[in-house]
Amino acid sequence: MDHTYEIIHTDQKLPMHIFFHRVRYVPNHWHDSMELLFVLRGKAIVAVQGKPYVLREEDIILINSNDIHTIQSEHDNLLLALQIPDFFLREQGVDTQHTTFHCHSSHSGQDDQARFDEIRTLLSSIMWVYSKAGTGFEIKIRALLLELIYVLLRKFVSNQERGESAINRRTMDRLLKLNEYIQSHYQQTLTLNELAEQENFSVSYLSSFFQKSMGVSFRAYITRIRLEHAVKAMLTTNEPIIAIALDSGFPNLKAFHKAFKDVYRMTPTEYRASGEGTRKREDSGQAGSSNYLAYDRENAYTSLFKYLPSSGGNGVSLTADQAILARELKVRATGQGKQVEHKWRTLCTIGKAKEALFGPVQEHLKLVQQRIGFKYIRFHGIFDDEMMVVTRDRNGQLHYNFGYVDQIFDFLLGIGLRPFVELGFMPGELADQTKTFFHKKSYVSLPLDMCEWTGLLQAFMNHLLNRYGHAELRQWKFEFWNEPDGWLFFPYSFEQYMSFYSASYHAIKRACPDAQVGGPSIQGETLARHSNWMNDYVQSCEEQGCMPDFLTIHIYPITGALDLTNQGEILHFQYAEESYLTEIITEVKDKIRELDLPEAELHITEWNATSHHRELTNDTCYKAAFIAKSVVETLDETDSLGYWTVTDLLEELPLPGHTFHGGLGMMTNNGIRKPVFYAYELMAKLGSRLLDRGDGYCLTQQPADDCYQLLVYHYCHYDQLYRQNDTSAIDAYNRYSVFEDKGSLELSVCLNGLADGTYRIRSYVINREHGSAYDQWVEMGSQLHITPQDVQYLNECSIPRQQVREERIDANWQLICRLAPHEVQLYELKRIAHE
């Protein structure tokens, strides 16, 4: 029988590997780890030592280490797998060579399922704790693993001897030694003769032994090892494919191409360019772990909830074991500090230009300006058909009407907001009308006639000059197009984009040479990690005389391919790690320096924790801590940080059915202020001099008022499952179960260097009890229909808590701050003058 040895990679800190997977067919293989499979959906057939077991939903099977097994299933299935290596079992006193477990729930009747439920509960608990990654979770998992081993030893040990077909210890040790040598030398030229000499075998014996034990020939196994390393490099680096091929041990590019196509059925270039690369690799039907889909994006936890320990029979207990983390901070109030401009206040955003004429949107913008205060505002669609800018008469003559444009700009200037005009999208009269995006369609096509497009731009600029004057207009910013690095908004080639941009740039400059024209409005990851796009852009701009006056990017912390409906709604994506924003900004600035553009302004014209308009956590306190963390960590690193958007009232998607639908805005569509709004309001109270900052805090000073501002926050990121788009632990009424379990935070802050005296201390708190309209709405009864009276009530009662006290302070003042997950606190300290 052919069978393949599989290497199990355990977590660095945990003696296990746990994951969800979906399988079609996994050929015979074996490994020196015990494996438990739990069928969460569908049906699977598992053959162990040649004996088949049919597993249905909620069935469990244990595969003893070194047992040869195969798995096959219908396409729609979901399994939870836990692999525990032999070395850990032996450390607990288990004689792995002579102990056999018999744990096959499908062979037991209903009256015998109680003992299997113990296994189901432990598997569910291990997966839950692992995904939440709370303080000390590794210890908790080890305890659960020990309990699992205890239950197996007590209730599932078989008296049956290990089958003859199991891989014996001597063979396994020999295979591991061979594999270790191959893994260490795969980049070199490896021959069977060399390996036989290394291990003191004859060539014929080693060839036969390798084929029999590994299930493939020596040459095929080395090729597979090299391909695994090459694929990893292709997905995680920007190295040229030829360099990756040679670094992975292939003699030349031709050999790499042939091996790659034999396995993945496409060229390396096609694989790397495809957003489906990982998925295609996993579905390719090759032996080993590549058959496992690393994550099923549907609701994986739904089948597990019933087995998690419950609280009083009323569902899953998510807070029974909440940790308390104590930290001491020494914060400096001395020194000159660093002058900060709070450039995050440079830019705010709304959806489309026409929405700025809506009464509620105008009220939302007025409130934001009163309470926070931004300098510029950006939006899509200044030339959308709803703006009625372009019409064509029966003779084919174009006519322009800037009436709505004037109303919008007059209103914005009247509340202190200068336009940051995104020049898109294409008016219908000039467009290929088959290329559209958004629910209320915008045309994302090139102009059918470039002269007509540039004529529109010149007429537009001349109109603005006549109405607002040169001195005002030269302070506006004009950003060309939206995300031309992706097919959603620009389904054309890079060369076509550059011709389009160059013609547009020169048309604007002819009308107003001082106009600030910028771009390219691409994803930050494209600029930082896909160097060819930006390199080609800068080179083309230099050649065509259209270097941008400022650079613009978008940053959304999502990775992987996006799966969208025909209305543009995002269905599938994965969230990045919590450090994504700071990492991307650092990489972008490094790239800008590399391109010799260090003085160029860098504006982030779209940014949020998500690009998803129906992300339920958008309404929660999570966003308050997200804003505090993001602003503090990137303070003045860029020239703007444009939060997308001010309001939920935007028409990129159909209007939502209820108020707390997870919109992107600071306020709901009917004007209820969210925690994110109040977080921005607190950030606006920070002083102009940064004295100190670190993980979870910053201290500023307003020198003119002799006032200090201490901001502290307790940020908790999405847990592992939710980052990978598993939504089974969240619904409209329960939205806090998808975060890492960081428990409560007790900060002991020692503020050094304050002048002795009496201070008036005003504190602000945003948490689930104060400043969270969503939580208050749940407390009210979660009615979907919200009346104007409800809106008024929620806005009046869901405000940050304020407290004021006076206290005598010396040079080493101690402050104790207790923060729940997602909580934000601000302390204003103002010295009281002696009377």
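1. Two strands are taken as paired if DSSP finds at least two bridges between them. In this predicted model, strand E4 (residues 33–41) and E7 run antiparallel and are joined by 4 bridges, and one of the contacts to follow by eye is that of Phe38, whose bridge partner in E7 is Ile60.

2. Within strand E7 (residues 60–63), Ile60 and Leu62 point one way while Ile61 and Ile63 point the other way, and all of them are buried. In a regular strand, side chains alternate between the two faces of the sheet.

3. Helix H5 (residues 192–199) has as its buried residues Leu192, Leu195, Ala196 and Glu199. These lie on the same side of H5, because the arc they cover around the axis is only 100°. After H5 comes Asn200, which has a positive phi, near 60°.

4. The whole structure holds 56 aromatic pairs. Among them is the tilted pair of Phe437 and Phe438, with 5.0 Å centre to centre and 55° between the planes; Phe437 is buried at a relative accessible area of 13%, as is Phe438 at 7%.

5. Tyr497 and Trp533 form a tilted aromatic pair, with 5.9 Å centre to centre and 40° between the planes. Tyr497 lies in helix H16 (residues 494–511) and Trp533 in helix H18 (residues 531–544), so this pair ties together parts that are 36 residues apart in sequence. Both Tyr497 and Trp533 are buried.

Key
Residues numbered from 1 in each chain as written. Predicted model: local features only at pLDDT ≥ 70, side-chain atom pairs only at ≥ 80, totals over all residues. Heavy atoms only, no water. Buried < 20%, exposed > 50% of the residue type's maximum accessible area, 1.4 Å probe, protein only. Helix = DSSP H or I, 4+ residues; strand = E, 2+ residues; numbered from the N terminus. Arc of directions from axis to C-beta. Phe/Tyr/Trp six-rings, centres within 6.5 Å; stacked < 30°, edge-to-face > 60°.
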